[in-house]
Amino acid sequence: MPNNPSAEKRMRRQQKRRLHNRSVKSIVKRHITRARQAINSDTSVESAEEAVRAAVSELDRAAKKGVIHRNNAARRKSRLMKQLNATR
């Protein structure tokens with residue numbers, strides 16, 4: 001438990017940040033999963049490319065907001081693109 005007002009405020013702010021970061025990470029994971037499913041399924045290449053593009057966009061957005069590190073986003077984007085190019 002916080003012992004002074006500034007510690008209480010810090011705890012409140014951290015709680016809000018944690019909820020926000022969790023929601024952003026959840027969105028990123030959802031888009032990456034959809035992209036991987038689109039790559040591995042027998043659907044058209046265009047739909048897979050579109051899913052990967054959406055996932056890359058969400059990764060960039062999360063990195064810009066500071067939710068994930070930019071190198072983490074770059075690594076995930078690289079792996080997605082590698083998987084996409086392997087199926088062509």
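The chat below goes through the fold, the core and one alanine of a predicted model.

Student: What should I know about the model and its numbering?
Tutor: The model is predicted, so local features need pLDDT of at least 70 and side-chain atom pairs count only at pLDDT 80 or more, while totals for chains, interfaces and linings use all residues. Residues are numbered from 1 along each chain as its sequence is written, and side-chain values use heavy atoms, with hydrogens and water left out.

Student: How many helices and strands in the protein?
Tutor: There are 3 helices and 0 strands, in the order α-α-α from the N terminus. Both kinds of element are DSSP runs numbered from the N terminus: helices are H or I with at least four residues, strands are E with at least two.

Student: What is the radius of gyration?
Tutor: The protein has 17 Å, whereas a compact globule of 88 residues would have a value near 12 Å. The radius is taken over C-alpha atoms, and the globule rule is 2.2 Å times the number of residues to the power 0.38. Along the principal axes, the C-alpha atoms fill a box of roughly 60 × 20 × 15 Å.

Student: Which residues have the most contacts inside the largest nonpolar core?
Tutor: Val52 and Leu80, in a core of 18 residues. Such a core is a set of buried Ala, Val, Leu, Ile, Met, Phe, Trp, Tyr and Cys residues joined through side-chain atoms within 4.5 Å.

Student: And which helices supply it?
Tutor: Helix 1 (5-40), helix 2 and helix 3 (70-87) each supply at least two residues of this core. Helix 2 gives the most, with 7 residues.

Student: What does valine 52 touch?
Tutor: Not counting residues up to four places away in sequence, valine 52 touches Ala35, Ile39, Leu80, Met81 and Leu84. Contact means heavy atoms within 4.5 Å.

Student: Now alanine 55. Buried or exposed?
Tutor: Alanine 55 is buried, with a relative accessible area of 1%. Buried means under 20% relative accessible area, exposed over 50%, and partly exposed in between, with a 1.4 Å probe and protein chains only. Alanine 55 lies in helix 2 (residues 45-65).

Student: What is alanine 55 in contact with?
Tutor: His31, Ile32, Ala35 and Leu80, leaving aside neighbours within four places in sequence.

Student: How much of the protein is buried?
Tutor: Buried residues make up 26% of the 88 residues.

Student: Last topic, charges. How many positive and negative side chains?
Tutor: The protein has 24 positive and 7 negative side chains. Lys and Arg count as positive and Asp and Glu as negative; His and the chain ends are not counted.

Terms used: Charge placed at Lys NZ, Arg CZ, Asp CG, Glu CD.
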